[in-house]
Amino acid sequence: MKTVTSPLPVWPYPRWIAHRGAGKLAPENTLAAFREGSQHGYRMFECDAKLSADGVVFLLHDDTLDRTTDGQGIAGDQTWAALSRRDAGGWHSRRYAGEPLATLEAVASFCKANACLLNIEIKPTPGLEEETGRVVAREAARLWAGADISPLMTSFQPHALAGAREAAPHLPRGLLLESLWDGWLEHARTLGCTAIVCDQVLWDAKLMATVHAAGMRALAYTVNEPDMAEGLWSLAIDGLITDRVDLFSPAA
């Protein structure tokens, strides 16, 4: 039986994406990290977005505040008024002591002022997957209303992507994978995804062909080694997410 290949979607995003703003050169998911990445020439950034207890969309990777702020406990259990007082930079280095957590609204202002694009990973507090997807997508649609290029919405959580699709179906979506679990492709199709974003070690020629044949773009995270990057480019991958904004030229 002949395989039917779907056309690939128009892809307006650059090949290189800075992870969590500027990876490890500045405190992740802060405006300081975005400024650092921008100074290295990057024009697209990945970040993690979740909800405060009172529904403000802000940037944080972990469920808890412990690793990357001077606070403790589940971040989503606290109001934005409390979260806004946390130091999200001192853990990284003295240079960034006092750097606050960033709201998605502040990041949108930065991106629009600097002609930057964004990949928003929906990072829900456990149990709030669909609600977080809805609120983050609705806020992104509001903040980027009228923009030529919308942010790319991604998540490891299918329920979060379902919420995003419900709230803002026009925003492009991508399914994040750290393993090829049963049914991942069917879920991606059902969710109307335009991209699959895999752990770098999962990609091979067969998987690349499967994703492209399904009419989806292919991205990899978190690519910090030149040999790995070269191998992925040879597979015709569409984009790489990296911490090493100091090593890889975004123009490459």
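**Figure 1. Glutamate 121 and its polar contact with lysine 123.** In this predicted model, the side chains of glutamate 121 and lysine 123 form a polar contact at 2.9 Å (a pair of N or O atoms within 3.5 Å; within protein, one must be able to donate a hydrogen and the other to accept it, and residues adjacent in sequence count only if both atoms are side-chain atoms). Glutamate 121 belongs to strand β4 (strands are DSSP runs of E, at least two residues, and helices are runs of H or I, at least four, numbered from the N terminus). Its relative accessibility is 6%, so glutamate 121 counts as buried (under 20% relative accessible area, with exposed over 50% and partly exposed in between; 1.4 Å probe, protein chains only). Beyond its neighbours within four places in sequence, glutamate 121 is in contact with residues including Glu46, Asp48, Thr154 and Leu176 (contact means heavy atoms within 4.5 Å).

Figure 2. The core holds 65 residues, and Leu118, Ile120, Ile196 and Trp203 have the most contacts inside it (a nonpolar core is a set of buried Ala, Val, Leu, Ile, Met, Phe, Trp, Tyr and Cys residues joined through side-chain atoms within 4.5 Å). Buried residues of α4 pack against several elements, among them β2 (44-51), α3 (104-113) and β4 (117-122). Threonine 132, found in α4, is buried at a relative accessible area of 1%. Not counting residues up to four places away in sequence, threonine 132 touches Ala49, Lys50, Leu51, Ile122 and Pro124.

**Figure 3. Aromatic pairs around tryptophan 16 and tryptophan 11.** The structure holds eight aromatic pairs (rings of Phe, Tyr and Trp, the latter by its six-membered ring, with centres within 6.5 Å; planes under 30 degrees apart count as stacked, over 60 as edge-to-face and the rest as tilted). Tryptophan 11 and tyrosine 13 are edge-to-face, because their planes stand at 75°, with ring centres 4.9 Å apart. Tryptophan 16 and phenylalanine 248 are stacked, because their planes lie at 15°, with centres 4.5 Å apart. Tryptophan 16 is in strand β1 (residues 16-18) and phenylalanine 248 in the segment after β9 (239-242), so this pair ties together parts 232 residues apart in sequence. Ring pairs join Trp16, Trp233 and Phe248 into a cluster.

**Notes.** Residues are numbered from 1 along each chain as its sequence is written. Local features need pLDDT of at least 70 and side-chain atom pairs count only at pLDDT 80 or more, while totals for chains, interfaces and linings use all residues; side-chain values use heavy atoms, without hydrogens and water.
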